[in-house]
Amino acid sequence: MARNVFVSFRFSDGEKYKNELCEKFKSEDVIDYSEDEDRSSMSDESIQKYLYNKLKRTSITIIILTPDAVNHKKNFFGQYDDWMYDEIRYSLEDRSENRTNGLIALYTSEAEGLLYTNSTHTCDKCKVEKCVKSINDFDNLVRKNMMNVKSYYKENACEGLYDSLKDSYCSLVSFDSFLNNMDFYLDETIEKRERKDEFNLCKRM
């Protein structure tokens with residue numbers, strides 16, 4: 001069965017990654033409903049209708065995190081004024097024509113240092129010290145949907161540690177890893193969509 005996806009990306013530094021992804025889709029059973037229209041002259045209402053029409057055909061939203069896309073843009077008044085933010089929050093809405101999409105965030109090598117910090121962690125339960133990748137706090141709705149599994153369903157039993165795929169509604173995966181194992185990651189994303197009630201979803205900031 002074909003997987004229907006929408007790709008959210010920053011045109012300034014993410015278009016080449018989006019194009020590479022779409023080339024990969026052509027050889028796989030994936031249908032892409034991503035951006036193909038200039039929205040710069042559209043009203044907010046028109047943008048919403050446009051995105052709703054796109055997203056209702058999809059079940060997965062893929063977010064490409066390039067350096068310019070790590071943090072959402074804000075206007076002079078400190079309000080979010082960012083097409084990517086709109087695409088992600090509309091993807092998380094549960095509407096009659098489109099229930100909440102699965103989310104997966106793909107980071108490029110240039111953005112990795114903005115997203116992760118390497119550290120050590122000693123678990124309060126097992127007392128074992130481990131080297132871990134800690135996800136930095138960054139101003140993006142995808143970050144609000146990481147490590148957000150409800151405690152009863154948590155895969156990693158260690159206090160303060162989370163399974164990188166199972167315990168975040170929106171997994172954070174390197175762009176190259178996704179390309180090399182796309183079917184696996186898409187299946188994981190759909191699987192979590194089917195159990196979305198096990199997560200504390202954040203739908204807007």
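I104 of β4 is the bridge partner of I62. The chain reaches β4 from β3 through helix α3 (residues 83-92), in a right-handed β-α-β crossover. The model is predicted.

**Pairing of β4**
- β3 and β4 run parallel, and 6 bridges link the pair.
- β4 also pairs with strand β7 (residues 170-174). That pairing is parallel too and has 5 bridges.
- On the β7 side, C170 is the bridge partner of L103.

**Burial of β4**
- 6 of the 6 residues of β4 are buried, so the strand is largely enclosed by the rest of the structure.
- G102, I104 and L106 point one way from the strand. L103, A105 and Y107 point the other way. Residues on both sides are buried.

**Helix α1**
- α1 covers residues 11-26, which makes 16 residues.
- From first C-alpha to last, α1 reaches 21 Å.
- The buried residues of α1 are G14, Y17, K18, L21, C22 and F25.

**What covers α1**
- Strands β1 (3-8), β2 (30-32), β3 (60-65) and β4 (102-107) are among the elements that cover the buried residues of α1.
- Helices α6 (175-180) and α7 (182-194) are also included in that cover.

Notes:
Residues numbered from 1 in each chain as written. Predicted model: local features only at pLDDT ≥ 70, side-chain atom pairs only at ≥ 80, totals over all residues. Heavy atoms only, no water. Helix = DSSP H or I, 4+ residues; strand = E, 2+ residues; numbered from the N terminus. Expected span 1.5 Å × (residues − 1). Buried < 20%, exposed > 50% of the residue type's maximum accessible area, 1.4 Å probe, protein only. Contact = heavy atoms within 4.5 Å. Pairing = 2+ DSSP bridges. Right-handed = clockwise from strand over helix to strand, strands pointing away.
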